[in-house]
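Dear colleague,

I am handing over a structure for your attention.

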Amino acid sequence: MTEQRNTVCCGENTERKASEKKTGRRKGFRRLGGILMLFFMLFLAGGTAQAKNVTLRFSGVRSYTYANQALKLVNQARARAGKPKLTMGSRLQEDAMKRAEEIAVYFSHVRPNGESCFSAFTESYARAGENIAAGQSCPVEAVEDWLDSPLHRQNVLDGEYKEIGIGCFRADGVYYWTELFGTESYGGKSKSGTKTVTARVSADPAVLCLRLDARAVGGGMKEGESGKLLVYNRNTGEGWDGRLNLSATAFRWSSSREEAVSVRGGKGRGTVRARRKGTARISASLGSATASATVRVTSHNWKGKVTRKATVFREGEKTYRCRCCGKTTMKRIKKLRPVLKLKTTCLRLAPGRKSGRIPVTVARGDRVVSWKSSNPAVAKVSGKGVVRAGKKCGRAVLTVKLKSGKTGRVTVTVKR
């Protein structure tokens, strides 16, 4: 997917006393050009995931290296503003990585499961904040874009924050970024390098926008063909219109007409097979969320050509090519039955006379292997079927044998 750089920002600032158990919220939106970012500051708030939530699984890469580079840039900006450095909390870093995976599904400060973003914090902070972004290709772009937005910059340069967790997750060619801030410092050692993961994100089906990538079968299918359908989610968050392939998610696949189009597949890819002419609605369901596509099957317009002729000893082949789609298929041609036809079955010769070659017709691939006379004194026969009468009068039976084992007979009468 090509990177997009639309921008939508949200901001909220709140303060919370230690005794407070509820959180007030105020949201504002501001469009900016060039980058997709979101700023959010809320109190820690607990929540209970709804029972109807489903689990999405998708592949991606966590970049701890990029996260550490972003930390360096953040602290450089804070030093220029006269603010103390932030430390990367090990637990907060993992929380930020989790949030980066979540915004790949639903780009919002509300988690895909419906809870506040601060329910993702492992530790408890008196005050906390979150910045999120998507589409930047490196830490420099991400941090610069946060600093260019007044609300995001306020979080980055807030002097009360002591700890930060930075998340960077790459999926389908797009980078997703998060910054989590806290007023306490819990410490720990941050990670480095990259890690390929299969992300598991709990989501309310209401925030999902599942689609089937039906390009493999979008132009219709011919009888006997097969193709694969990929499930992806269109991000319905605040301004980010990205897509995320869900090839690791366990979907339930179904066809409205199995006799026309069958579908098999337990995860994010379903294999469809065109069985007969007609249409069918293919669906991939995950809880109450469903992605569907219509598949149309048409007949082939075959033109056949014999590509290997059948013989008595081997099968032949005939290749068919569809004039519509170019698909080819091959059918076998049965072996030929042995055939032996003699132009003559009775021959009269005078003593000492010679005949021409006796014509023999055989099936393709077969041949004469021998001629034999029952009475060589009356008539002899060569391997090519040429008969020579002896001096003695009488009758002889000539037997011709083919390679296939089939035989034929010619009666020769020698008479003066």
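What percentage of the 416 residues in the protein chain is buried? Buried residues make up 46% of them. Please bear in mind throughout that this is a predicted model.

**The chain as a whole**

The secondary structure of the protein chain consists of four helices and 30 strands. Its accessible surface comes to about 21,000 Å², and carbon and sulfur atoms hold 46% of that area. Among the contacts with a separation of 6 or more, 64% are between residues 24 or more positions apart.

**Helix α1**

Helix α1 covers residues 64-80. Its 17 residues, at 1.5 Å a residue, should span 24 Å, and the C-alpha atoms at its ends are 25 Å apart, so the two values agree. Which residues of α1 are buried? They are Tyr64, Ala67, Ala70, Leu71, Val74, Asn75, Ala77 and Arg78. These residues lie on the same side of α1, because they cover an arc of only 155° around the axis.

At the start of α1, Ser63 brings a side-chain oxygen to within 3.1 Å of the backbone nitrogen of Tyr66. After α1 comes Gly82, which has a positive phi, near 75°.

**A four-stranded sheet**

An open sheet is formed by four strands in the order β11-β18-β17-β14, with mixed pairing. The edge strands, β11 (221-222) and β14 (252-255), each pair on one side only. In general, strands of a sheet pair through backbone hydrogen bonds, either parallel or antiparallel. Strands β17 (residues 278-286) and β18 (residues 289-298) run antiparallel and are joined by nine bridges. As a point of reference within this pair, Ser283 has Ser292 in β18 as its bridge partner.

**Glu115**

Glu115 is found in the loop between α2 (90-103) and β6 (128-134). Is Glu115 buried or exposed? Its relative accessibility is 11%, and it therefore counts as buried, the cut-off being under 20%. The side chain of Glu115 also makes a polar contact, at 2.8 Å, with the side chain of Ser119.

Yours sincerely,
A colleague

How values were computed. Residues numbered from 1 in each chain as written. Predicted model: local features only at pLDDT ≥ 70, side-chain atom pairs only at ≥ 80, totals over all residues. Heavy atoms only, no water. Pairing = 2+ DSSP bridges. Helix = DSSP H or I, 4+ residues; strand = E, 2+ residues; numbered from the N terminus. Buried < 20%, exposed > 50% of the residue type's maximum accessible area, 1.4 Å probe, protein only. Polar contact = N/O pair within 3.5 Å; in protein donor to acceptor, adjacent residues only side chain to side chain. Expected span 1.5 Å × (residues − 1). Arc of directions from axis to C-beta. Contact = heavy atoms within 4.5 Å. Areas by Shrake-Rupley, 256 points an atom, 1.4 Å probe, with all protein chains shown as cover.
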